[in-house]
Structure formats: C-alpha cells, structure tokens
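Biologist: Could you take me through this model step by step, giving the cut-offs behind each term as we meet it?

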Amino acid sequence: MKDKKQPKEKLKSQSSEEILRQLAEKYELLAENTLDLIFQTTKTGKFTYISSACERISAYKPEEMIGKRFTEFVPKKEWPRYFGILKATLSGKEIGSFETHVVHKDGHLVPVEFNGKLVKSGKDVFIQGVMKDITERKKAEDALQKAYDGLEKQVKERTAELSKTNKMLRETGERYRLITENTSDLIYLTTFTLNPTYTYISPSIVRMTGYKPEDIIGKPCFDFVHPDDKDVLLPILKKYVIAKGKKLFTGKNSDVSETIELRARDKSGNWHYLESTVDIVGNELLIVSKDFTERRMIEENYKILFNSSPDAIMLLAEDGEILNVNLPMTESLGISIKELVGKNIHNILPKDVGKKRTLAGRKALETGEIQENEDERDERYFHNSFVPILTSDGKKGVQVIARDITERKNMEEKISKLNECFLSLGSDARKNIEIIANAAGKILGGACLLYNRLEKERGLLCTWGIWNEPEGYKSEGDPEGHICYDVIRGNKDGVVIIEDLSGTKYEKIDPNVKKYKLKSYLGYPIRLKGKAVGSFCLCDVKKRKFTQDEIKIMSMLAQAVANEEERKLAQDELQKAHDELEKRVKERTAELSRTNEVLQIEITEHNKAEEEVKRAKDYLGNVIDSASEFMLVVDMNYKVSTWNKTAEHLTGYKKREVLRRSINSLDVFLNSKDLQDDIKNIQNGVKIPFNELMLRSKTGAKKLVRASGSIVMERSANQTGVLFVGKEITQDSEMRGKLLQGNSYLITDKSNTSALNLLVDLSVSGSDGLFITRGNPDIIQSMFQAVDAKVIMFSRDRYKGFENVFSLDEVTAKIKEFVSKKSKPVVLIDRVDYLLTNFSFDAFARSLYEINNIISMHNAILLMRVNSDILNANQLAFIEEELKPLPSQRIGAVELDDQLYGVLTFIDKQNKNNVLVSFKKISQEFSISKVTTAKRLNMLDDRGLIFIKKQGKSKTVHISDKGKLLLSGREVV
C-alpha cells in the first residue's frame, strides 16, 4: 500500500512552479527549434512576444519589434486587410491560414503565411499566431541548419527569462499547443529507452506520412525506421541513456543534443528522408524532424547525371579551388580525382587555358549567366560552358562542362579541303582524278591513296591517280592477286573494308601488300554504265578502324571519281564520233569527185547542208548530255521528251525509264501538279523567274532543282514544249536554311538595303509584301516598281499615294488586317527608332509580343530591321530573344545574303569563260530591275568583291581577287 501511495505523495510534493517550469522548457524548446515565427500581440496590435525567427524573415530582432504595432512591419496597402482580420479575431473567430506580406528591414516585401487566434488569460486578452516565410521553401535547408545550431544557447537564455513569472509560464502551455498544431515540422515525444515508443506526435504527421497521430502513439519507433538506419539511431539512444544516468548520480544536467539523418516509412510504404534534432525534455526525448526527401532525390539525381555524363565536368569554388570532378574530366586531364580535389585550377591547366577559363568563370559569377568559350589543350579542342551555382555550403561556385569537339573541328577542316578540291576541278577528267586522289590522301592520311583502273584491252591494272606514291611502285601490272582487282570483279555497290590484312589471303597473293607491309584497306568500286571499272582505295601500314566520317568522305570522293569517268567517256565518245564523221566525209568526197563538175558542186553543197544539220544535231545532243546543268523538256502533252545525263546522275533514272512518259505518272516528280501549272503559265506568256522542281531519286532521296523555264519553238513558230534548265540546290537549301512561315526574323544592319532587297526577292517569288517605314516616298516607290508590294509610312501626316500610321496600336492593326487577307504575307518593319522615340520601350515590347502572335497565327513572315547603334544592350537582347536570326551566307568576315551570293557566283562563272558581264546581262539573268541590279552591284563593290570598268558609255563587271578568295573558301553558316 505504501508503494502505491508513494507516487501520489511525490506528485503532491512537486510545486506548481516546477510543473510550469518544465512546461515552459518544452514550449521554449519548441518555439526556438521551429522555423516558423511565433508571435503575441495586444488587442491593439502591439507585439508583446515574438520568436527569434522574425530576424530570419524580416531582419528585425525581437527586441526591435516588441512594444511596436504590427502596422510598422506590413505594407500600408495591406492595413485594411490586417485590421479586418484583427477585428474578426477579437470577435472570437480563429484566423485561418492565409498569405500576405511583411516588410523586410531593407525595404523589400517578404511573402508569408500565418494563422492565429484570440487567447484569454485571466483578465488579459491577446492574440497569438504562427507565421511562415514561404519564399524560402526550396532554399531553406542551409539556413535552417544554421538556425538549429544556435538554438541551444537561445533555449537556455529564454528559459531563464520565462522562469521569472507564473504568468509567462501559464502562457507557455497555450503557445506549446499552437506550435505543435500549426508547424510544418514533425514534432514528437518518445519514451527514454533503447527501444523507444511514441508518447506524442504533432498533427503534421498526417500531411507528411498519411498516418494519423492515433495510429502512431504507443508504437515502437523502430517499426517506422528503415532497417539500415537503426544502427545510426541506437548509438544516439545509448549516449542519451548514459547522459541521463550521469544526471541521476551527479545531479548535474548534461548538455546532449544531436542532429541526425534517417529514413522513415509512410503509410504507402515509401521512405522519407528526415533531418531530426533530438533533445532531452524531462523523462522523454523531444524530436523535431524536417522532411528533406525532395532535396535528397535532387542531390542523388544530380550525382547520377554528374557521374554518368559523357562530358568532362568540374565544380569550382569562387577562388578557383576544385571541389569535385567526374571520371571523364580525370581521363581528359590524366590526373586522379584524389589529386585534383582541393587543388586550384590555375595549377592544373596550362597557363593560357587556365587564364581563359578563369575569366569566363568570373564573368558567369558576376552576371549570373552561363558563359561559353572554346580552347585548345594538348592538340584537343574543347567547348566549355561555365554555369554559376551555389555549392553545398551555400557559397558561390561554377560548374565547368567541357565537351571534346576535336572530331568536329577535324571534320570542319576536312570539309574545307573537300570544298577546295571540288572547286579546283577543271575540264580534264584524268587530271581531275589525280586532284581528287591527292585531296583524299591529304584529308584521310594513311600510307597511300590511289585509283586503280582495269584496262581490259591491255589486260592491265593501271593507276590513274595516286597520293604519296611509295618508292619503287609500279603504276601498271598484272591485276591477278590485287585486292583492287577483286573489288572490281565483284561488281557490287558499297564499300570494302579490311581493318587487318594479317592472316588474309592478300597478305600472300597481293604483291603490294607483301612489298609495302600493308595492314588495312578501304576501297570503293567505281562504276561506269552499271559496271565496275576501277577501285578508289586507301591503304595503311597499320591496323586501322575506319570511322563513319572517313567512310562517308571516301564515298563522296569515290562518287566524284565516278563522275569524272562519266565525263571522260562522254569526251571520248564525242571525239570518236568526230573522227568517224571526218572519215565518212573523206570517203563521200572521194566518191563525189568522180561525177561531173556541176553535179559535184550540187552534191557537195547538199552534203554540206546535211553534214551541218547532222553535226548540229549531234553537237546539240552531246552538249545536252555533257552539260553539268539539269535539263528537261516536257512536250505539249506533258510527256518527257529530253532527259540529259545530269538528270540521270541526279535521280538514278535512265532516259529509257522516263522518255515519252507523262510527268504525272513518274515517281521522280514530287510536285507534278505544280510543274504542270508552271508549264501552262510559261506557254501563256507568264514570266516566272525560276521554278523549284522537287524530285525523288531511285533511292528515295529528295532532290531540289532550281530551274528556269522557256518555250521550245519550231521553225513554223509553233510551240513544241517547255525547256527547264537549272542546277541542284538541295545541299545549299539544307545548309543555308530558309525563311519559315509563322516566324519572325531580326535584321541588324545600319542600312535598309539588304532588307529591302530581301522583301523584293520574296515578292518576286510569289509572296505578298508589306513595307512599313519612314523615308523618301519617291525612293521607296522606285524600289517596288517590279513587284506589287504595299507601303505604309510612319507619320502623323498622310503622304500622297501612301497610307500612314503613328501609334503602336495602328501599326498592329494594319499588320493584322494585311496578313489576314493574304495567302503568303511577308511584313518588313523598318526605322524602329521612330517607334522608340515616340513611345516607351515597354510599350514597344508589348506591341512586338502582339505582332509576333499575329504573325504566328496567320502563318506569315515578319522581318524587322534594327540599327543596333540606337539601342542599349538590354533592349537589343530583348529583341534578339523575341525574334529569330535571319538565315544568310557568311563567308569569312563578309556576310552575303542569297541574292548577292548568287550575283557574285554568276560574275565569277562568266569571267572564267571569258564572257563580258554587263549590267543588262545581270538584270536579265536574275529577272530584276535596273535599279535593283545597280544596288546589288554597288553593295558587292563596297565590299571589294568586284570592280567595274567603264569603256565609253558601257560598263563591265569583273570579280576581284578578294571575291575569288571568298568563293573558294566560303563557309556556310
């Protein structure tokens, strides 16, 4: 009986002050451990208490706010809302969770979420609430950790203060309840044992895990902890039990507080990562946990991406210290992770490379924007991205992503050499083959590159072109045993690759393999009229794994050799026909010489006429077949009557497959209906500057040919068909790109000449043009004499013959009206400075957004010409962000649009053929007006690409050395 009464007597002996003190300890520990702000105000809104979290949210300390009204810390415009809430609270209503703002000490507004209620304590009436800073939800982990580190000291100081009065102790219980019910952290109490059970858990458990408090209380903690994390929790519990035991024996408190990370299971079986602070409160453990699962998953995903990226990645501190690197970076530098981490980047990279990367990293940190550059190290090229980041300790840093672009650089160099090779080809097929073989060797390397040709008449394998000819090499010989002979005899399409000749039959039977100790072979059969006649091959003295790029380059050059074989065959057949014709003429002349003089004269004249007709016909046929241009004749019934060799090579369709067949029945014509319409227009006298023929080759590849069309007439002036002559522009079209409908483009140029020329050319091509500008009406009118384009002037006053607009709304309305009525609308806005002078840039920006939407909605094209000198960097950056760059020809430091590039190419071609080029000839060639011709030539002359000679009243145009250099070394961007 004494044992049962003893606890009650002990309980009675405890003073109410001790109970309140322990309660105060619990409250204060909770108040100062939670990240939420706890406050208390009078009925009039004066702060009587506020937790230290106020300083984190607003930079004000508690002592700066206590005794002051809340209106000093909230924006004035929200006072009515606060007073309404205060009034409702005083009437007894509980404040629901709502969002508002408080004023930071530096003046900016901080968005917060809070709730509260009216509390009565005796005669005292006050308002208590909890406030949460919601702007830092994703970045709070670092700040929270620092806040928790200082909590122990704050708890002791605040506990000493709270123990002074019973009134403050009574308030503690209510504050404790408010905290546990409203905080977003998980707060729970457990028994003080090595197998603790839950004695209390806050309502936030529902939101975090799906469990209700009653589902958890009374159950062992380890039932919800990940098995692997029990080993983390048990040593902490043992440490706490030891600390508790010391207190029993010595009577002294042990300051034990731990922060741990562990995983807890939710109701669905998923594991959450929790960061928990554990403290002793009386005979229980108080644990405050924060869910950082999302942060951990982000860290894990980043770690996976970091380690699995094929690019080399390095994390740098602000001072250049290396914090971490991935495996590709260590392989690139040839230094282990252990040796790199902690070192400074200046001591790792070559001085020039390190300096360049350091400057880019500093700029990224200063601007907060990603910086990029390229550099070279150990004969390797790298494209580097410098991304500003925050390191794990909250400091600024830079993530450097280095991508090895050596292969791309090498390929660019190879393409340049290919281009140079093709441009140097002339009319001599044998010489061209030598040029191609020499270029292939320089591009691909190896021991030797050659073209072997099987000459059946002599029974020899002959070398027609060779690069890096080895000493003692025989250019003619018995074909038996040679790899090239097997490639030719196989008579198959496709590449032949032998990466290791060791152990193959060729190591024994091919004389060159044995003589020069060749180890690898890459060859293409060269076909002529469907049969293999030669082998274009690369040999090396080492085992070599040929890349796809090398195979592709060999394929291109092999096709070039095949083209030269076709050219040579055509030249030989032409010469043979000529020789045969001469022989027949001699024989016929000898026969006619035996007749009388009168008949001889008549027959001679007759034969000459027949000879001329036949020669002309043969010559015309040879010219058509040997021409490098695509030639097609469609008769009055839309059937193909002429199909030259270039057309065969381009599409793979032979003459016999297309002649006398309707264009509508042939798969080669993708746009036969459009072609038929163009033929009708040409027959009816409608001038069409050019036609774009869409063809499909036998292999299914699409080919684009730009051709001019003209009527084919008989002597009787009757139309017999339409002739199309042009060239393939597939590659040019793909490389240059084109203006896409529904898009807006920016033209940065001090002069509007190029923009006007582009609008004129688009109008000539069938687009409906609208030009909005401010300038001389007479000059503008002269620019559009050849096309039907609408002009609107920027002006308050109306010019004669022109519409005018002034406000941004008028500009937008005119554009909308125009594009909604046209099928292929193109709008050019010039003189943007007029709008920026009369209206603010923000107003202009809003109008540009609206105009862009109109352009996209009506599938139109917008061109905007801007002089970058009149804009600041931010304004120009905005416009560049909203509008796309204009596709163009960039060659070296000179930028040419498609029209100027075409004119310069035409002048060069005519000059090479010793043909004088006049202004009129250019005007006729490109179907443009005299004014447009003069303007384009002046633009080329200003760039030093041409020069103009005057001979009396006539002018002739000639390409300059700079223009030739530009064409031979152009790079299409």
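Modeller: We can begin with a pair of helices, α33 (residues 898-912) and α35 (residues 930-942), whose axes come within 10 Å and cross at roughly 80°. Helices here are DSSP runs of H or I with at least four residues, strands are runs of E with at least two, and both are numbered from the N terminus. The axes are lines fitted to C-alpha atoms, for helices over the stretch in contact, with angles running from 0 to 180 degrees between N-to-C directions. The model is predicted, so that local features need pLDDT of at least 70 and side-chain atom pairs count only at pLDDT 80 or more, while totals for chains, interfaces and linings use all residues. Residues are numbered from 1 along each chain as its sequence is written, and side-chain values use heavy atoms, with hydrogens and water left out.

Biologist: What is the orientation of α33 and α35 to each other?

Modeller: Their axes cross at roughly 80°. Angles under 35 degrees count as roughly parallel, over 145 as roughly antiparallel, 65 to 115 as roughly perpendicular and the rest as oblique. The two helices, α33 and α35, are therefore roughly perpendicular.

Biologist: How many nonpolar residues does the contact of α33 with α35 have?

Modeller: Contact means heavy atoms within 4.5 Å, and on α33 it involves Q899, L900, V903, L904 and I907, while α35 contributes R936, L937, M939 and L940. Ala, Val, Leu, Ile, Met, Phe, Trp, Tyr, Cys and Pro count as nonpolar, Asp, Glu, Lys and Arg as charged, and the others, Gly among them, as polar. By class, the contact has one charged residue, one polar residue and, for the group you ask about, nonpolar residues numbering seven.

Biologist: Which orientation do α31 and α32 have to each other?

Modeller: The axes of α31 (residues 841-857) and α32 (residues 873-882) come within 11 Å and cross at roughly 10°. That angle makes α31 and α32 roughly parallel.

Biologist: Which residues of α32 make the contact with α31?

Modeller: By class, this contact has seven nonpolar, two polar and one charged residues. From α31 come F841, F844, A845, L848, Y849 and N852, and from α32 come Q875, F878, I879 and E882.

Biologist: Is T932 buried or exposed?

Modeller: T932 is found in helix α35, and its C-alpha atom is separated by 9.9 Å from that of T753, 179 residues apart along the chain. Buried means under 20% relative accessible area, exposed over 50%, and partly exposed in between, with a 1.4 Å probe and protein chains only. Because its relative accessibility is 3%, T932 counts as buried.

Biologist: Which residues does S767 touch, not counting residues up to four places away in sequence?

Modeller: S767 lies in the loop between α27 (753-764) and β28 (768-773). With a relative accessible area of 13%, S767 is buried. Leaving out residues up to four places away in sequence, S767 touches L762, K824 and V826.

Biologist: Is K267 buried or exposed?

Modeller: K267 is found in the loop between β8 (257-265) and β9 (271-281). Aside from its neighbours within four places in sequence, K267 is in contact with T209, G210, Y211 and D215, and its C-alpha atom is separated by 9.5 Å from that of V206, 61 residues apart along the chain. Because its relative accessible area is 53%, K267 is exposed.

Biologist: How far apart in space are N283 and T191, C-alpha to C-alpha?

Modeller: N283 has its place in the loop between β9 and β10 (284-291), and at 60% relative accessibility N283 counts as exposed. In sequence, N283 and T191 are 92 residues apart, whereas in space their C-alpha separation is 7.4 Å.

Biologist: What is the phi of N491?

Modeller: N491 is found in the loop between α18 (483-490) and β19 (496-498), and at 32% relative accessibility N491 counts as partly exposed. Although N491 is not a glycine, its phi is positive, at about 50°.

Biologist: And what is the phi of R831?

Modeller: R831 lies in the loop between β31 (825-829) and α30 (832-838), where it is partly exposed, with a relative accessible area of 28%. R831, which is not a glycine, has a positive phi of about 60°.

Biologist: What percentage of the residues in the chain is buried?

Modeller: The chain has 36 helices and 38 strands. Of its 973 residues, the buried ones make up 43%.
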